[in-house]
Structure formats: structure tokens, C-alpha cells
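Q: I'm new to this one. Can you walk me through it?

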Amino acid sequence: MRSITVLLSLVFIVIFFNSVYASSSNLQSLPLCQSCHGDKLQGNESLKAPLISGLSQWYLYRQMKNYKDGIRGNHPQDIFGQSMRLSIMSLSDNELQALAEHISTISVDKQPQSIKGDIETGKFVFEHCISCHGEFGEGDQTIGAPRLTGQSDWYLYQQMINFQKDIRGNHQDDLYGKLMKDMAYMFNEQMLRDVVSYISTIDQVDNKESVK
Ligand code: HEC
Ligand code: HEC
């Protein structure tokens, strides 16, 4: 009986150290991510690197894979997408998985508002986003639409413009990007400023249950 207990303890110790070792080696690129995305991965506007902490694991992984495979960040005018693509190109899919898992668990404060649009018009425009991104902009995995609430307004706006100008969502294998691109065409630049301003007003604390 005693030897079984000792054996079981050893097995657990091995499993424990293996998992610690595996996860720390798979997360060795985290400081690289922080160098652009910020200490808490809360985003850095001067480098146009968005907030990534707390985004869903499935969305983080898909985007990293897309950059790595040249599905995103491939357009000659997309210098920021290219900087991201170069940063991630040498990482294995296992590392990307581990990073996505880890980053999805980090939570940060609401980001400051930098774009001032018309909230009422923005609310009207947002009606067209709900079917995919959810009532509170919380995202919907079945559709593949990410969470928008909590993301910095300057980044949301820039991505809408990128979709409109075929800088993002232009690759034939980018099925999710195409879905979104068709939406971005429907609104002019002022309406896009309005909708991102409205998204900034959706209170994450009040909607904690729905916004994950
Ligand atoms: C050289 C600066 C730089 C480094 C290093 C970097 N990124 Fe990025 N990242 C960016 C920029 C800039 C963007 C936005 C690009 C765009 O507009 O498509 C971005 C976008 C992303 C996105 C897409 C977010 C979204 O909402 O669609 C993810 C996910 C991401 N980065 C994860 C990472 C991870 C994980 C690492 C570390 C392995 C990393 N990045 C390292 C600059 C960087
Ligand atoms: C038909 C479904 C659909 C509708 C409607 C829709 N989206 Fe999207 N949206 C998506 C999908 C899918 C993605 C993910 C694209 C990808 O994987 O690159 C996305 C991505 C985005 C992104 C990029 C987020 C990031 O982190 O990089 C923004 C910004 C965005 N949508 C805003 C909007 C706004 C604002 C509206 C309403 C005006 C809207 N979307 C309507 C499906 C939709």
C-alpha cells in the first residue's frame, strides 16, 4: 500500500514538472509579444499593436495562424500586419496554442476612449453588428466573430478601414475575413467612427456575464 502511494506521488511529480516545463518553454516568446503589445498585452497605439489580453483563445489562435500562414498581414500596404507576421513566423503551432491559452486568461482594465463619434448614430450602426458579434459585442464562436467590447477604439476603426480597402480579408482562404469585409463596405468612415465610439460605451462591468 505504501509503495503504491510513493509510486503515485512520483507519477504526480513527473506530470507536474512536465507540465510546468512544457508550458514555460512554450511561453518563452511572451516577452517578445509584450515588447509591442505592452506589459499586460493591453495594446500600444504608437506601434498600432492592439489589446490582445482576454480575447478568446479560439480567436487568438486563428489570427496568429493566419499571420503565420500569410492569410493576414500579406498586403503590401499593411505594414503593421507585416510587422506582426514577421514576429510570429518562426513559432510552432504548439507555441501559438500555448500563447493563445495563456493570453486569453489575462484581464486588463477598460481602455481609454480616443475616437469621438456620434453615439446615437453609432448605436444604429451597431444594430447591424449584433447578429454576428452579439448584443454586447461579446463575440460568437459559432460564427467566428470576435469580442469587440473592451478593444481599443483606434484599433477597431483601423481594422474596419483595412477591411474596406481590401488590406485585410483579401486572401482566398480568409473565409471569416470575407464575411466581415462585406459588412465594412456598407458604412462610410464617419459611421465607422460613430460605431466604434458606441462600442466604447458598452460597459464591460455591467455585462460581465455576457462579455467574456
Ligand atoms: C513588432 C511588434 C509586434 C510583436 C513583437 C508582436 N505583435 Fe502582435 N500585433 C502587432 C501589430 C502591429 C498588430 C496589428 C496588425 C494588423 O493591423 O493586422 C498585431 C496583431 C496581433 C493579433 C491580432 C489581434 C486581433 O484582435 O485581431 C494577435 C492575436 C497578436 N498580435 C498576437 C501576438 C503575440 C501572441 C505575439 C508574441 C508571440 C505578438 N503578437 C508579437 C505587433 C506585434
Ligand atoms: C456576418 C457576420 C458579421 C457581421 C454582421 C459583422 N461582423 Fe465584424 N467580424 C466578423 C467575423 C467573422 C470577424 C473575424 C474576421 C477574421 O477572422 O479576420 C469579424 C471581425 C471584426 C473586427 C476585427 C476585430 C479584431 O480584433 O481584429 C471588427 C473591428 C469588426 N468585426 C467590427 C464589426 C462591426 C463594427 C460590425 C457592424 C457594423 C460588424 N463587425 C459586423 C463577422 C461579422
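Q: Start with α3. Which of its residues are buried?
A: This is a predicted model. In it, the buried residues of α3 are Leu60, Gln63, Met64, Asn66 and Tyr67.

Q: Where do they sit around the axis of α3?
A: They are on the same side of α3, because the arc they cover around the axis is only 160°.

Q: And what covers them?
A: The cover over the buried residues of α3 includes α4 (79–88) and α5 (93–103).

Q: How many residues does α3 have, and what does it reach from end to end?
A: Helix α3 runs over residues 57–68, twelve residues. From first C-alpha to last it reaches 16 Å, close to the 16 Å expected at 1.5 Å a residue.

Q: What comes just after α3?
A: Glycine 70, which takes a positive phi of about 80°.

Q: Switching to ligand 1. Which residues come nearest?
A: Cys33, Cys36, Gly81, Met84 and Ser87, out of 22 residues around ligand 1.

Q: Which helices supply that shell around ligand 1?
A: α2 (30–37), α3 and α4 each supply at least two residues. The largest share, six residues, is from α4.

Q: What is the shell around ligand 1 like by class?
A: It has 13 nonpolar, eight polar and one charged residues.

Q: Now ligand 2. Which residues come nearest there?
A: Of the 22 residues around ligand 2, the nearest are Cys129, Cys132, Ala145, Tyr176 and Met180.

Q: Which helix gives the most to the shell around ligand 2?
A: That is α9, with five residues. At least two residues each come from α7 (130–133), α8 (153–164) and α9 (175–184).

Q: And its classes?
A: The shell around ligand 2 has 14 nonpolar, seven polar and one charged residues.

Note on methods:
Residues numbered from 1 in each chain as written. Chains lettered and ligands numbered in written order. Predicted model: local features only at pLDDT ≥ 70, side-chain atom pairs only at ≥ 80, totals over all residues. Near = placed C-beta within 6 Å. Helix = DSSP H or I, 4+ residues; strand = E, 2+ residues; numbered from the N terminus. Nonpolar A, V, L, I, M, F, W, Y, C, P; charged D, E, K, R; others polar. Expected span 1.5 Å × (residues − 1). Buried ≥ 20, exposed ≤ 12 C-beta atoms within 10 Å, placed from the backbone. Arc of directions from axis to C-beta. Contact = placed C-beta atoms within 7 Å.
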